[in-house]
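Dear colleague,

I am handing over the structure we spoke about, and below it you will find my notes on what turned up. Please read them with the coordinates open beside you.

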Amino acid sequence: SIEVFTAQFYEVSPTAVNFLSVIFMIMYVPGSLLTAYYLSSRGFRFTIVLGALFNVSGAWLRYLSIFVAKSGWIRYGVLFLGQLICAMGQPFFVNTSAKLAGDWFGASERDLATVVASLVNPIGNAAGQALPPMFVSCGETGGSGNKTRTCHRSDQVHGMGSILLLQAVVASLTSGLAFLLFKRAPPTPPSASAFQRNEIASRPQSGKAMNQVKRDVWAMLQDKQVQRLMVGFGLGLGIFNALLTVLAQVLKPVYYDADGELDKSALSSDAGLYGLILIGSGLVGTGIFGYLLDVTHAYRMLLKVLFTCSSISMMGFFLSVRPDNHAWIATLIASSGFFALPLLPVALQSAVEC
């Protein structure tokens, strides 16, 4: 949402700013393999604590980029390295929601537990869209005391250190809680399948964990239902992540005035608001469809409804991006989130069933 200020502060292009988001998608693949390996070899608690260490170390490294000498790419390089470390840790949390539900909840509770656990990541995304415009702004220029609508130098951007420090502090608190409070498994397994998994996990692995991961991945890749889920869900998640990444840039043409000047503050503020609407409506939709999934177990029907409606809503949103059309933009981006975000827990739980 603050792409224009980030590019200006770090003296890089919009593409470089986009890569701060794209690196999460790139590192998701090796991070997922690492997560699967440690879940198999070291257990649930070790995996979560390791992910927390990735998160907190990357967050503090991003904050340290503020103090690097103002040399554009060097400062950006420190920020990017911190972002890469955080990106490596993301799958340690995102990929474990279904396992959390299976290990800690009975059969009648698993679908809803997966939905609730899957909501935590989008809630963080919502905060990441809405909070930065409240901290980062354009400063004053000139000696007359007049504020400018636009600013063009890196030293005119204020608040970047504050938002990065806030993220680092929150990451430290949650990582500490994970280390102190997170347990490997419940004292009493909630189901027979959970009991069997705990028995297997407690046995010495003898270095065979990665071989087991490879066999499981190969078996899933040969399953036709999983193949369909991979293609459909992969496209859907890719579009949703891309929309969050470039939302401010998609909206940018709306915020030029008659003189060709870009109102950066209004763009960042509204992009944060629209991002919040996108994810907030998605959380409402996830609650509704999560309940329906838990009651009906109609996996195929819900997937078809969500894919169809989210596609139509997103096409409508892109067509609505025009000046003086804020009401339609807000309505259609809310509809897009309402139908797109529930695909995350529904597809995950469908994959578990497959």
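With a relative accessible area of 16%, K252 is buried, because that value lies under the 20% cut-off. Please bear in mind throughout that this is a predicted model.

The lysine is of interest here for its partner: the side chain of K252 meets that of E3 in a salt bridge, with a distance of 3.5 Å from N to O. The two residues belong to distant parts of the chain, 249 residues apart, since K252 sits in the loop between α12 (224-251) and α13 (264-296), whereas E3 lies in helix α1 (residues 3-10). E3 is buried as well, its relative accessible area being 5%. In general, side chains of opposite charge can pair when their charged atoms come close. How many salt bridges does a search of the whole structure find? The search returns one.

The other finding concerns the surface, where V217, W218, M220, L221, M230, V231 and L235 together make a nonpolar patch of about 690 Å². Both α11 (209-221) and α12 supply at least two residues each to this patch, although α11 gives the most, with four residues.

With best wishes

Conventions
Residues are numbered from 1 along each chain as its sequence is written. This is a predicted model: local features need pLDDT of at least 70, side-chain atom pairs count only at pLDDT 80 or more; totals for chains, interfaces and linings use all residues. Side-chain values use heavy atoms; hydrogens and water are left out. A salt bridge is a side-chain nitrogen of Lys or Arg within 4 Å of a carboxyl oxygen of Asp or Glu. Buried means under 20% relative accessible area, exposed over 50%, partly exposed in between (1.4 Å probe, protein chains only). Patches are made of residues with over 30% relative accessible area and no salt bridge: like charges are joined within 9 Å, nonpolar side chains (Val, Leu, Ile, Met, Phe, Trp, Tyr) within 5 Å. Accessible areas come from the Shrake-Rupley method with a 1.4 Å probe; for residues, only the protein chains shown count as cover.
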